[in-house]
Structures are given as structure tokens and as C-alpha cells.
Amino acid sequence: MPTVTEHALSGVYTLLGPTSPTVKLYYEECGHGEPLILLHEQAVDCRMWDAVFFKLAKNFRVIRYDLRGYGKSDNPESGYGYLHVDDLKSFMDGLGIKKAHFAGLSMGGMVLSEFLAMYPECVLTATITSGALGEYPNRLVMPKNILKVYNDTVYTLKLEEAEKIKMRGLEAEKNDWKTMMRSISGKHYRDISKNLNKMIDEWKGWQLLNAETDPFIGIEADSLLTRQKKKPRILLLIGQYDAIANKKSMQHMAVRCPDAKIQLMFEAGHFTCMESPDEFVEKILAFIQKK
């Protein structure tokens, strides 16, 4: 993928060029048929789809990848703008995929929501769970001089925050993530805790230790979705035990996409595909296959 992506508005904060013109993304695929691309949550990686990956591959060409800065994919370069949606579009182009089904969880749901806003023509169906639209400011409407002040301010604040985290220690931050994830999981947390904590333990934490530029368009996606006359078919899956903020994000997405189908997963929390994999597969198959 390009180090600095096409639509990124975060800008370049240093006088030097990136050390490399590209970054590499790690991916896996299995099965045949229409492509189904899976987008993972923050602090983990594409292994969070283990419980559903091969089950879905019985019906689709299932593709999962580690987003930039996670898992086995390359890290971003601090100070250079990129968007996860640009990475996703370039990823599809590289695999020769013009249209696909998608499923995204939390951060992956935010990526998918923005992809729906920017590239609706590439989406067959979208299943979003545990989080959708983000609240990053719409930098597209900012005058260039204001945008520069905003970018430089955010970058400086992130540098300061990264230094605080380094002083505290990455392991302490990871323990906070484990505690948070446990608090918003459902009845089957014990079944997923080993795998979930393993991924968090192995998380590089690049985003915590470096000044990452905003990789999302945030509120801009809200306005783009509002203006769309026709949207792809959308399924919103909500875990009963998930955090209130995530539920509100999903509700906000439902307002912007009034034709979306909404279903509640009663025993699941945040990690719907890990906590209730059979139900997750059942719901996504029924949704996609219903023409």
C-alpha cells in the first residue's frame, strides 16, 4: 500500500520524505465464491475471526487481513497521512476484486462505515457490529490554514500522550485494554479470554507509542452517507452486553441508513463473532443469501 494514501487529509508533518514509498499488509484467504472481507477490532488482529473464518469459507471466498499497524502488517510511518479505507480499496484492487461482501467489528466497523460512504459501488453487503461511525472532525471543510493548525496540534498532543504511555509502560496499557474488553463481553467471555488476551499481549501497540495521524474521515462519512440516494444492503449486529457508546454509534448508523436491518445478539457483548460464532455465521449467511 502507499505510505501516504490518496484521500488522507492528515498531512505530512516532517521535512523529510517517508523512509519507504509503500507498506505491506498481511492477509489470508480461504474458500470459493463471492468475496467476503473481514475487518478486525483495535488492539487485536485478523485472528479474532478464527471461530467463523472456515465456516464462512464454505460459502464464500473469505479474506481477512491485518490493518496497517496491527498483527503481521507493517506499521505506519509517524507523521504521514493514510486512511484505512484507502488501504482497503488498494487491497481490493491488488486482488482484482471489484465488489465484495464485508463484515467489520468495532474499529473494523468504523472502517467499513467509511468505506460505505466513500466507495458504495464496491459493496455487495455490509455487516457492521460493535461500533460504526466515528467522531473525527470533518477536515475536508476546513480552510487549509486552519487544517494545518489542527493537524499540527493533534500531532503534538499525540506525541505528548505517547511519551506518557512510554513512561507508564506498554504492558500497563495492555492490561487496561484487557480489563475494558472483559467489562463489555457477554456470557461467553471465559471461552474467548485466552485467545483475546493472547492477541492483546502480542499487539505491537504502535498506535500507543507513536504519534499516529488520524486514519479515519469521521464526520465526513456521516455527511457522505446522508447524501447517498441508494445504499448497499446493511446488517447491524448489536451485542446485548456491549458498551453503551458502541450501541449509540450503531444507532447513529441506523439513522443514517434507515433501510439497514438491525439484530440483537442476546448472549454476546463486544466480540460478537468470537463470543457467539455459530449465531454470527447464521445471521450473516441468512442476511447475505436473502436477495
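Author: Happy to. A100, F102 and G104 point one way from β4, while H101, A103 and L105 point the other way, and all are buried. Keep in mind that this is a predicted model.

Reader: Thanks! How enclosed is β4, then?

Author: Six of the six residues of β4 (residues 100-105) are buried, so the strand is largely enclosed by the rest of the structure.

Reader: Nice. Which strands does β4 pair with?

Author: There is β2 (residues 35-39), which pairs with β4 in the parallel sense over four bridges. In that pairing, I37 stands opposite F102. Then there is β5 (residues 123-129), which runs parallel to β4 and is joined to it by six bridges. There, G104 stands opposite I128 and A100 stands opposite V123.

Reader: And what unit do β4 and β5 make with α3?

Author: With helix α3 (residues 107-118), they make a right-handed β-α-β unit.

Reader: Is β5 mostly covered or mostly open?

Author: Mostly covered: six of the seven residues of β5 are buried. β5 also pairs with β6 (residues 233-239), in the parallel sense and over five bridges.

Reader: Let me go back to the end of β4. Where does S106 lie?

Author: S106 lies in the loop between β4 and α3. Its phi is near 60°, a positive value in a residue other than glycine.

Reader: Buried or exposed, that S106?

Author: Buried. Its relative accessibility is 11%, and the cut-off for buried is under 20%, so S106 counts as buried.

Reader: What does S106 touch, sequence neighbours aside?

Author: Leaving out neighbours within four places in sequence, S106 is in contact with E41, T129, S130, G131 and H270.

Reader: Which other non-glycine residue has a positive phi?

Author: A43 is one, with phi near 75°. A43 sits in the loop between β2 and α1 (50-56), and A43 is buried, with a relative accessible area of 1%.

Reader: Where is the kink in α6 centred?

Author: On N195, and the kink is about 30°.

Reader: Which residues of α6 are buried?

Author: Y189, I192, S193, L196, N197, M199 and I200. An α-helix has 3.6 residues a turn, so residues three or four places apart point the same way.

Reader: Good point. What do those buried residues of α6 pack against?

Author: They pack against α5 (170-183) and α10 (272-275).

Reader: And what does α11 pack against?

Author: The buried residues of α11 pack against α1, β4, β5, β6, β7 (261-265) and α10. Those buried residues are P277, F280, V281, K283, I284, L285, F287 and I288.

Reader: How far does α11 reach?

Author: α11 (residues 277-289) has 13 residues and reaches 18 Å from its first C-alpha to its last, close to the 18 Å expected at 1.5 Å a residue.

Reader: One last stop: E212. Where is E212 found?

Author: In the loop between α7 (206-209) and α8 (219-227). E212 is buried, with a relative accessible area of 11%.

Reader: Which residues does E212 touch?

Author: Not counting residues up to four places away in sequence, E212 touches P76, Y82, K158, W206 and Q207. With Y82 there is a polar contact between the two side chains, at 2.2 Å.

Reader: How far is E212 from I238?

Author: Their C-alpha atoms are separated by 29 Å, and the two residues are 26 residues apart along the chain.

Conventions:
Residues numbered from 1 in each chain as written. Predicted model: local features only at pLDDT ≥ 70, side-chain atom pairs only at ≥ 80, totals over all residues. Heavy atoms only, no water. Bend = angle between axes of the 7 residues up to and from the residue. Helix = DSSP H or I, 4+ residues; strand = E, 2+ residues; numbered from the N terminus. Buried < 20%, exposed > 50% of the residue type's maximum accessible area, 1.4 Å probe, protein only. Contact = heavy atoms within 4.5 Å. Pairing = 2+ DSSP bridges. Right-handed = clockwise from strand over helix to strand, strands pointing away. Polar contact = N/O pair within 3.5 Å; in protein donor to acceptor, adjacent residues only side chain to side chain. Expected span 1.5 Å × (residues − 1).
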